[in-house]
Amino acid sequence: MTNIGVILTLIVIFGGLLWLLVRSISGREVDRRIIFLFIFVSVAAPIIFQITFKERATPVVEALFANIDGLPAGSKVLISFDFDPAMAPEVQPMANAMSRHCLEKGHKIVFMSLWATGQSLMTTTLSRVILPEFPEKVNGVDYVNVGYKAGNEGVLNVIVSDFKKMFPTDVNGVPLDSTQLFRDIRSCADLDLIIALGGGRPGPKEWVLFVGDPADVPVGVGVAAVVAPQLYPYFPQQIVGILGGVKGAAEYEQLLIATHDRFVDMETPGIDMMGPQTLAHVVIMAFIVIGNIAFFRSRSKGGSK
Amino acid sequence: MSRTAVIVFAGVVALFVVSWMVKAMVLADVSETNIVDAFMVTVAAFLTLAIYSFLYKDNPYYKFAEHLFVGVSAAFWMVQGFWTTIVGNLLPRLSEGLATWFQQPYQGGGYDLGVFVFPYSIMYWIPVILGSLLLMRLSPQGGWLSRWPLALIVGTTAGLNFVRYLRSDFIVQVAATFVPLFGRDPHPWQGFGHFFSNLDLSASGQFVALLSNWVIFIGVFCGLIYFFFSKEHTGAFGKASRVGIWILMITFGASFGYTVMGRISLLVGRLTFLFRDWLGLIS
């Protein structure tokens with residue numbers, strides 16, 4: 001079924017592209033809605049026929065993976081969900097994969113959010129990944145969800161010196177002083193790693209500026225693709241690793257599957273999304289080529305310069 | 001309202017109801033709250049399609065979904081801010097009674113100033129007053145009062161950001177630009193003979209490390225020259241400036257590529273929802 005689907009998809013898309021090329025060369029306009037239709041087909045077909053590719057991790061992703069993998073069991077890792085449902089298709093797979101990795105390695109996780117929308121997405125990770133896959137892990141001992149606080153950089157500026165001043169209780173109203181995990185945590189300086197997930201402001205960059213650098217705590221980031229290029233200058237001095245967009249998520253999932261037998265059958269939304277990504281990018285590149293061919297041809301005929 | 005608009009509206013309503021009923025029947029075996037679940041999935045699918053309908057042309061369904069999104073987002077952030085920060089952090093520090101009323105643990109104590117302890121129950125009235133003053137913006141006569149808390153917010157943010165950005169975005173970034181052009185640990189420079197006889201083209205090899213450092217050096221240098229307008233961009237200076245433009249264009253291209261990937265990811269997310277959760281086409 002998959003093979004037939006792939007063949008059908010390729011025939012439809014490349015046949016259509018050929019038609020577009022002929023139409024463009026002959027000087028006829030192409031309605032923008034036809035372009036949208038092509039993108040729809042190139043994304044929808046791989047989803048329906050579940051076309052996927054094997055990923056190979058890049059050094060920036062490997063660095064973050066190795067950092068989490070190399071921490072001794074019992075290390076304290078903070079994962080901040082600073083994103084909204086619009087970024088969730090890209091960032092949630094990273095959150096799930098890194099939460100799995102941390103718990104598998106025996107690390108303790110503090111979940112928090114600087115975005116109001118991040119709190120419900122945290123709950124999604126807890127209910128769909130941690131509770132069903134790690135039933136032996138105990139809330140308050142192995143992980144704590146401290147929820148969301150308004151204040152953006154102000155929140156970071158407080159927790160860098162006193163965590164419980166800003167988060168006196170967890171999301172359920174349980175005082176953090178009474179939890180085993182927070183016995184040794186006074187400020188962010190007591191953490192072994194911070195993973196900032198997001199793509200807006202406040203987000204990973206603010207974590208580097210307001211917590212990572214002042215408190216000298218390693219920061220790893222998982223970000224929406226749009227902001228990934230802006231974070232590369234911080235690697236490797238100020239950021240230990242970057243997961244950029246769904247490609248970063250897919251690479252991380254691939255590493256997790258390759259190194260941990262337990263995760264061989266886990267859900268891999270990142271890898272699953274790379275099929276549509278690849279085909280859509282091929283189509284967009286074809287559009288660029290067709291557009292240029294049509295442009296140079298019209299110019300050679302004395303058309304618009 | 002035109003006749004066509006009425007027909008389209010009736011069609012959309014009919015489609016919504018049919019979708020809801022079919023989905024409810026499908027979910028009947030797996031969920032006790034199948035009718036509510038089916039309604040939620042159908043609403044989400046309807047709103048997704050309403051937003052994407054803009055690609056065809058602007059229409060009332062798109063406007064409805066857009067306005068609903070903005071309104072719900074604003075309300076959601078306000079409610080979250082109230083319950084997590086005002087109820088979670090402020091009220092339990094103002095009084096024990098309020099803490100008990102909102103079922104929060106009382107957070108007595110105070111801020112140690114050295115000579116005396118400033119009780120939270122007094123200190124936290126300052127943000128209450130300043131926050132209330134912000135709302136004076138809604139009053140035509142007392143609007144000027146909102147400038148005071150606003151000035152405090154702007155001043156504090158500027159002060160905090162100045163220090164943080166100066167350190168992390170300027171000093172550390174400048175330091176990171178001073179890269180060794182002829183290698184260091186784990187790839188110390190041992191001469192051209194050693195370099196070519198042990199040529200390693202892998203991502204972690206010496207060649208790639210050196211190439212990266214040279215790109216950083218030339219990129220920063222030429223990029224800065226492009227933005228240096230006190231000298232005419234001619235001769236060698238002009239050529240370096242030209243390289244600077246290329247570096248900038250490649251950077252913008254990389255950003256564009258990532259942006260395309262991000263936007264496609266969003267489309268994949270919505271289509272996956274439509275095909276899996278709504279239509280049940282994929283598992």
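How many bridges join strand β2 (residues 108-113) of chain A to β3(A)? In this predicted model, the number is five, and the two strands run parallel. Within the pair, Ser113(A) stands opposite Tyr148(A) of β3(A). Strand β3 spans residues 143-148 of chain A and is mostly covered. Six of its six residues are buried.

Along the principal axes, the C-alpha atoms fill a box of roughly 75 × 45 × 30 Å. Chain A has 305 residues, and 48% of them count as buried. Contacts with a separation of 6 or more were also examined in chain A. Of these, 75% are made by residues 24 or more positions apart.

The largest nonpolar core holds 91 residues. Ile79(A), Phe111(A) and Ile194(A) have the most contacts inside this core. Helix α4 (residues 88-104) of chain A gives the most to the core, contributing eight residues. In soluble globular proteins, nonpolar side chains tend to be buried together. The surroundings of Ile79(A) can be listed residue by residue. Leaving aside residues up to four places away in sequence, Ile79(A) touches Ala95(A), Met98(A), Ser99(A), Ile109(A), Phe111(A), Ile195(A) and Leu197(A).

Chain A is divided into two domains. Domain 1 takes in residues 2-51 and 270-300, and domain 2 covers 59-265. Their C-alpha centres lie 37 Å apart. The contact between them involves five residues of domain 1 and seven residues of domain 2 of chain A. On the domain 1 side, three of the residues are nonpolar, two are polar and none is charged.

Chain B is also divided into two domains, with domain 1 at 3-90 and domain 2 at 179-278. Here the centres, taken over C-alpha atoms, are separated by 43 Å. Four residues from domain 1 of chain B and five from domain 2 of chain B make the contact. The side of domain 1 of chain B that touches domain 2 has three nonpolar residues, one polar residue and no charged residue.

The two chains meet through 42 residues of chain B and 46 residues of chain A. On the chain B side, α3 (60-94), α7 (147-177) and α10 (235-278) each supply at least two residues. The largest share, 16 residues, comes from α10(B). By class, the chain B side divides into 22 nonpolar, 17 polar and three charged residues.

Helix α10 of chain B also takes part in covering another helix, α2(B). Helix α2 (residues 34-52) of chain B has 19 residues. From its first C-alpha to its last, this helix reaches 27 Å, close to the 27 Å expected at 1.5 Å a residue. The buried residues of α2(B) are Ala38(B), Val41(B), Thr42(B), Ala45(B) and Ala50(B). An α-helix has 3.6 residues a turn, so residues three or four places apart point the same way. The cover over the buried residues of α2(B) includes α1 (3-27), α3 and α10 of chain B.

Several backbone features fall in loops. The peptide bond from Arg201(A) to Pro202(A) is cis, with omega near 0°. Pro202(A) is placed in the loop between β4 (193-198) and α8 (204-215) of chain A. Another cis peptide bond joins Phe235(A) and Pro236(A), with omega about 5°. Pro236(A) lies in the loop between α9 (228-231) and β6 (241-244) of chain A.

Two residues have a positive phi although neither is a glycine. In Gln50(A), phi is about 50°. This residue is found in the loop between α2 (32-48) and α3 (59-70) of chain A. Gln50(A) counts as partly exposed because 13 other C-beta atoms lie within 10 Å. In Gln103(B), phi is about 55°. The place of Gln103(B) is the loop between α4 (96-101) and β1 (110-112) of chain B. With 9 other C-beta atoms within 10 Å, Gln103(B) is exposed.

Definitions and conventions: Residues numbered from 1 in each chain as written. Chains lettered and ligands numbered in written order. Predicted model: local features only at pLDDT ≥ 70, side-chain atom pairs only at ≥ 80, totals over all residues. Domains from an automatic or database assignment. Nonpolar A, V, L, I, M, F, W, Y, C, P; charged D, E, K, R; others polar. Buried ≥ 20, exposed ≤ 12 C-beta atoms within 10 Å, placed from the backbone. Core = buried A, V, L, I, M, F, W, Y, C linked by C-beta atoms within 7 Å. Helix = DSSP H or I, 4+ residues; strand = E, 2+ residues; numbered from the N terminus. Expected span 1.5 Å × (residues − 1). Pairing = 2+ DSSP bridges.
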